[in-house]
Amino acid sequence: MKDHLQIKDWGFGIEGHVIIAGPCSAETPEQIEKVCLDMKKENMVPDMFRAGIWKPRTRPGSFEGIGEEGLKWMEIVRHHLNIPITTEVGNAAHVELALKHKVDVLWVGARTTVNPFAVQEIADALKGVDIPVMIKNPMNPDLQLWIGALERMHAVGINKLAAIHRGFSDSYDKRFRNKPNWSMPIHLKREWKGMEVINDPSHIVGNREGILETAQRAINFGLDGLMIETHHDPDNAWSDAKQQVTPKRLKEILSLIDFKDTLGSENPGERLNDLRSAVDHLDDQLLDILQERFSLIDQIGAYKREHHLTVFQSDRWKFVMESRTQKGVQKNLSEKFMKELLYCIHEESVKRQEKQLREADAVKK
C-alpha cells in the first residue's frame, strides 16, 4: 500500500492511543456546552471531540441530525476545550458545509462505506483539500470494500488516513449490536502497513455496560485508539441513548483500561524471540503434517474415482467433525475454533477430490 501520514503526524499533537469522545448527535448548543464543561470538570478532555451532524437512520421519521446549524455550535468546543472537531459526512454537500465551518477531521460512516459511488463522490469533493479522513468499516464484513474506500481517498491526495472499527451487522449474534469480528481490523492492518485502526466500542456493544470490556479487547488486539460516545445526560439523548456514557464514566473506563504498547520496529526481548522461534518450528511441523494429510486425501480421491463414489460422504464428515471437535475441546481448544478449522480442511479436501473427478471425466471425453 502507498504511504500515508499517521495520526501523530496530523498536526494536532496527539501521541499514543487516540481518544475520541463526544455525543452521538449534536442536539442543542446547551448540550454541547454541558458536555464540554463536564469534560473539563472531570479533567477528561479527549484528543478529539466527535458529534454527529447528519445521522443516517434506517427508517424515516427518526432524528436524522440537526444539520448545518449544529456545525456552528462546534465553536463552543473550540472555546472550552481547544481540541480538533470531527463529524461524519455522507455526500459532497456535507463535505462542503463541514469545510465551510472548519471541521478538523472527517469520517465516513459504515452505511456510506458500503457504496463505492458515495465514497467516490466524497473523495472527489475533497480533491486538493488537506484534511484527515477516517473510514468506518462497511456494515458487512468485506475487507476489500473497506480498503477500497481508503484507497479512493488516497487516490485524490488525502494522505492523512485512519480506519474506524465499529463492528458488522449480524442478526444472529445477540451479544452485540454490531459483531466485532476482530480478525477484520487485524487483516486491514496487515494488508495496509501502518494503517491505524480506532475502535468504536459504543456501536459494537450498543449498551454502555459492555464498553469497557470491548475497549480493552480492542487494545489487546493492537488497535490504535477508541471512539466512545459521551453525553452529559445519556438516558435522554436524542439518538443511541443506551450506548452513551457520561464524561465521568468515560474517565473511569479509560482509567481501568490497560493500554498496551506495540513493538513496532523495536527489537523484541530475547525471551520473546525464543518463544517466536519455537512457534515458527511448530508451524513448520504443522505444514508438514498438512502436506502429508492432503497426500492421503489425494489417494482417497483416486479410490473414489476408481470406484465411482461421490466426493462427499455425509456419515464420514459427521464422524470427523464430532470426534475431532471433542478431542480438540479436551485439549483446551475452543469448539468454535475446532469447527472453523475442520471446515477449512474439509473444504480443501473436497476441492482436491472433486478436481480429480473432473480430470477423469475430461479424459473420458
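User: Is the crossing of H6 and H7 left-handed or right-handed?

Analyst: In this predicted model, H6 and H7 cross in a right-handed manner.

User: At what angle do the axes of H6 and H7 cross, and within what distance do they come?

Analyst: The axes of H6, residues 116-125, and H7, residues 143-155, cross at roughly 20° and come within 9 Å. An angle under 35 degrees counts as roughly parallel, so H6 is roughly parallel to H7.

User: Which residues make that contact?

Analyst: From H6, the contact is made by Pro116, Val119, Gln120, Ile122 and Ala123. H7 contributes Leu145, Ala149, Arg152 and Met153.

User: How do the residues of the contact of H6 with H7 divide into nonpolar, polar and charged?

Analyst: Seven are nonpolar, one is polar and one is charged.

User: Now H7 and H8: at what angle do they pack?

Analyst: H7 packs with H8, residues 183-191, at an angle of about 50°, and their axes are 10 Å apart. The angle therefore makes H7 oblique to H8. The crossing of H7 with H8 is right-handed.

User: Which residues meet there?

Analyst: On the H7 side they are Leu143, Trp146, Ile147 and Leu150. In H8 they meet Met184, Pro185, His187, Leu188 and Glu191. The residues of this contact divide into seven nonpolar, one polar and one charged.

User: Changing topic, where is threonine 325, and is it buried or exposed?

Analyst: Threonine 325 lies in helix H13, which spans residues 314-330. Its relative accessibility is 7%. Buried means under 20%, so threonine 325 counts as buried.

User: What does threonine 325 touch, leaving out residues up to four places away in sequence?

Analyst: With those left out, threonine 325 touches Val320, Glu335, Met338, Lys339 and Leu342.

User: And the whole chain: how many helices and strands does the secondary structure come to?

Analyst: The protein chain has 14 helices and eight strands. Its C-alpha atoms fill a box of roughly 80 × 50 × 40 Å along the principal axes.

User: What percentage of the residues count as buried, and what area does the chain expose?

Analyst: Of the 365 residues in the protein chain, 45% count as buried. The chain exposes about 20,000 Å², with carbon and sulfur atoms supplying 50% of that area.

User: One more: what share of the contacts between residues at least 6 apart in sequence join residues at least 24 apart?

Analyst: In the protein chain, that share is 71%.

Notes:
Residues numbered from 1 in each chain as written. Predicted model: local features only at pLDDT ≥ 70, side-chain atom pairs only at ≥ 80, totals over all residues. Heavy atoms only, no water. Axes fitted to C-alpha atoms, helices over the stretch in contact; angles between N-to-C directions. Helix = DSSP H or I, 4+ residues; strand = E, 2+ residues; numbered from the N terminus. Parallel < 35°, antiparallel > 145°, perpendicular 65-115°, else oblique. Left-handed = near helix turned anticlockwise from the far one by under 90°. Contact = heavy atoms within 4.5 Å. Nonpolar A, V, L, I, M, F, W, Y, C, P; charged D, E, K, R; others polar. Buried < 20%, exposed > 50% of the residue type's maximum accessible area, 1.4 Å probe, protein only. Areas by Shrake-Rupley, 256 points an atom, 1.4 Å probe, with all protein chains shown as cover.
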